[in-house]
Amino acid sequence: MVYNLIVRKQKLRPIVLAGGSGKRLWPLSTKEKPKQFIPFFGEYSLFDLTLQRLNKASLFKKPIIVTSEKYLEYVEDSIMRTGIEPEKIILEPFSRNTFPAISLAVLTSLINNKEESFIATPSDHYISRSKEFHNSCLVARNNLKNGGLNL
């Protein structure tokens, strides 16, 4: 089902999670360079593709990236390569998994905008169908306006 939006609605703030331990694709992926930063697609990595997928101005605001200081250089290289500027980069002092990373980004963002709506996405997943991804995000965003998925 395709949703055509005539009325401009609130954009989603992406939270991009870019941590990891480098265990799942060992020996290619390591603690020093987890799989989301490996250029599997020519010069592009899964992290690059994530930023590109979230670069749809009609649907998304600039992303907040949550990563470790040890991965900051990879994140900055990706920003230069893709030309996609984040709203903010949050450096975790140490990894505590998904929930604390998302919570930190949400709480930081809500300080400036109490009406913010979010989408949290890992940066180490391959999504081959960006159009379907965007349509799913539109459905989720529309459900927010109708009281669904609201906390």
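This is a predicted model: local features need pLDDT of at least 70, side-chain atom pairs count only at pLDDT 80 or more; totals for chains, interfaces and linings use all residues.
A residue counts as exposed when its relative accessible area is over 50%, as buried when that value is under 20%, and as partly exposed in between. Tyr 126, at 52%, is therefore an exposed residue.

Strands of a sheet pair through backbone hydrogen bonds, either parallel or antiparallel. In this model, 4 strands form an open sheet in the order S3-S2-S1-S4, and their pairing is parallel. Strand S3 (88-92) and S4 stand at the edges; each has a single partner strand, so one side of each lacks a neighbour in the sheet. From one strand to the next, the twist averages 20°. The pairing of S2 with S3 is parallel and extends over 5 bridges. Within this part of the sheet, Thr 67 is found opposite Leu 91 in S3. Helix H3 (residues 98-110) lies across S1, S2, S3 and S4, and runs at about 140° to S1.

The next element to consider is helix H1. Of its 8 residues, 6 are buried, and the helix is thus mostly covered. The buried residues are Leu 46, Phe 47, Asp 48, Thr 50, Leu 51 and Arg 53. Their cover includes S1, strand S2 (64-68), H2, S4 and H4. Asn 55 is exposed, because its relative accessible area of 51% is over 50%.

Among the buried residues of H4 are Phe 133, His 134, Cys 137 and Leu 138. The buried residues of this helix pack against S1, H1 and S4. There is also a contact of another kind: the charged end of Arg 53 sits over the ring of Phe 133, at 5.5 Å from the ring centre.

The aromatic rings complete the picture. A pair of aromatic rings is described by the distance of the centres and the angle of the planes. The model contains 5 aromatic pairs. In one of them, the ring centres of Phe 37 and Tyr 74 are 5.2 Å apart and the planes stand at 20°, so the pair is stacked. Phe 37 lies in the loop between strand S1 (12-18) and helix H1 (46-53), whereas Tyr 74 belongs to helix H2 (residues 72-82); the pair therefore ties together parts that are 37 residues apart in sequence. Phe 37 is buried, with 7% relative accessibility, while Tyr 74, at 24%, is partly exposed.

Phe 41 and Tyr 126 form another stacked pair, with 5.1 Å from centre to centre and 15° between the planes. Phe 41 lies in the loop between S1 and H1, and Tyr 126 in the loop between strand S4 (117-122) and helix H4 (130-145), so this pair connects parts that are 85 residues apart in sequence. Phe 41 is partly exposed, at 32%. Finally, ring pairs link Phe 37, Phe 47, Tyr 71 and Tyr 74 into a cluster, and Phe 47 is also one of the buried residues of H1.

Key
Residues are numbered from 1 along each chain as its sequence is written. Side-chain values use heavy atoms; hydrogens and water are left out. Rings of Phe, Tyr and Trp (its six-membered ring) pair if their centres lie within 6.5 Å; planes under 30 degrees apart count as stacked, over 60 as edge-to-face and the rest as tilted. Helices (H or I, at least four residues) and strands (E, at least two) are DSSP runs, numbered from the N terminus. Buried means under 20% relative accessible area, exposed over 50%, partly exposed in between (1.4 Å probe, protein chains only). A charge sits over a ring if NZ of Lys or CZ of Arg is within 6 Å of the ring centre and within 35 degrees of the ring normal. Contact means heavy atoms within 4.5 Å. Two strands pair if DSSP finds at least two bridges between them. Axes are lines fitted to C-alpha atoms, for helices over the stretch in contact, and angles run from 0 to 180 degrees between N-to-C directions.
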